[in-house]
Amino acid sequence: MTTAAKFTHLLATAALVTGTAHAQLVDNPDWQESAVPPPPAYDVKRALQIEMPAYMTLKFGIDPKTIVITPDGVVRYVVLGWREGGGTVNAFYEGVRCATAEYKTYARSADGAWRLVDNPDWKRIDDRNSIYTYELSRQALCRGRAPRASVTDMVRELKRPEILLN
């Protein structure tokens, strides 16, 4: 086999493997979410703010120590919401599935105590009731239809919202 033929074969094999892995996350009707651990501890002081549209009065941030990319392609995290000057912070333990542009809320907290959501279900990220999830996935968690390569990459993108690399 010539060098050019070997190279072409290698590229075709790589495309097939990549396509298969991508299809398992996106098109696999047998996909199952991995077991969801209990909500992690969070610290408001660590929150990295999510850039939100100017009309939003609520502020949102994510505790970077809570971000986890699971083998099934779900990114789990704790997002925090508050009003400027207000003392109340709401926390949401969520997961984003970049492959299908969906999110799920597992638990909520308004006083530091987690309350699990009964029968959490996947919802569209572009649902207008979750603008912060849309912004978070666009700015930091997802790169197209896959999670960014690492939590470090996600945190880097949150720290420099003026350079949104999708």
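Ser 137 touches Val 96, Ile 125 and Cys 142, leaving aside residues up to four places away in sequence. Ser 137 sits in helix α2, which covers residues 131–141. The model is a predicted one. Two of these neighbours return below: Cys 142 is joined to Cys 98 by a disulfide, and Val 96 in β5 stands opposite Val 75.

**Ser 137 and its cover**

- Is Ser 137 buried or exposed? Its relative accessibility is 7%, and buried means under 20%, so Ser 137 counts as buried.
- Cys 142, one of the residues that Ser 137 touches, is buried as well.

**The whole protein**

- The protein has three helices and ten strands.
- Along the sequence, these elements follow the pattern α-β-β-β-β-β-β-β-β-α-β-β-α.
- Of the 166 residues in the protein, 37% are buried.
- The accessible surface comes to about 9700 Å², and carbon and sulfur atoms account for 56% of that surface.
- Among the contacts with a separation of 6 or more, 45% are between residues 24 or more positions apart.

**The disulfide**

- How many disulfides does the protein have? The count is one.
- The disulfide links Cys 98 and Cys 142, with a distance of 2.0 Å from S to S.
- Which parts of the chain does the pair tie together? Cys 98 lies in the loop between β5 (89–97) and β6 (102–109), while Cys 142 lies in strand β9 (residues 142–143), so the link ties together parts that are 44 residues apart in sequence.
- The angle about the S-S bond is -80 degrees, and the link is left-handed.
- Both Cys 98 and Cys 142 are buried.

- Why is strand β4 described as largely enclosed by the rest of the structure? Strand β4 runs over residues 74–83, and nine of its ten residues are buried, so the rest of the structure largely encloses it.
- In a regular strand, side chains alternate between the two faces of the sheet.
- Strand β2 (residues 58–62) pairs with β4 in the antiparallel sense, over five bridges. In this pairing, Phe 60 has Gly 81 of β4 as its bridge partner.
- Strand β3 (residues 68–69) is also antiparallel to β4, with two bridges between them. Here Val 68 has Arg 76 of β4 as its bridge partner.
- β3 and β4 make a hairpin, with four residues between the strands. Gly 73 in that turn has a positive phi of about 90 degrees.
- How many bridges join β4 and β5? The two strands pair in the antiparallel sense over nine bridges. Val 75 stands opposite Val 96 of β5, and Val 96 is one of the residues that Ser 137 touches.
- β4 and β5 also form a hairpin, here with five residues between the strands. Gly 85 in the turn has a positive phi of about 80 degrees.

**Aromatic rings**

- The structure contains six aromatic pairs.
- Which residues form one aromatic cluster? The members are Tyr 42, Tyr 93, Tyr 106 and Trp 114.
- Arg 97 lies over the face of Trp 31, at 3.6 Å from the ring centre.

How values were computed:
Residues numbered from 1 in each chain as written. Predicted model: local features only at pLDDT ≥ 70, side-chain atom pairs only at ≥ 80, totals over all residues. Heavy atoms only, no water. Disulfide = S-S within 2.5 Å. Buried < 20%, exposed > 50% of the residue type's maximum accessible area, 1.4 Å probe, protein only. Pairing = 2+ DSSP bridges. Phe/Tyr/Trp six-rings, centres within 6.5 Å; stacked < 30°, edge-to-face > 60°. Lys NZ or Arg CZ within 6 Å of the ring centre and 35° of its normal. Contact = heavy atoms within 4.5 Å. Areas by Shrake-Rupley, 256 points an atom, 1.4 Å probe, with all protein chains shown as cover.
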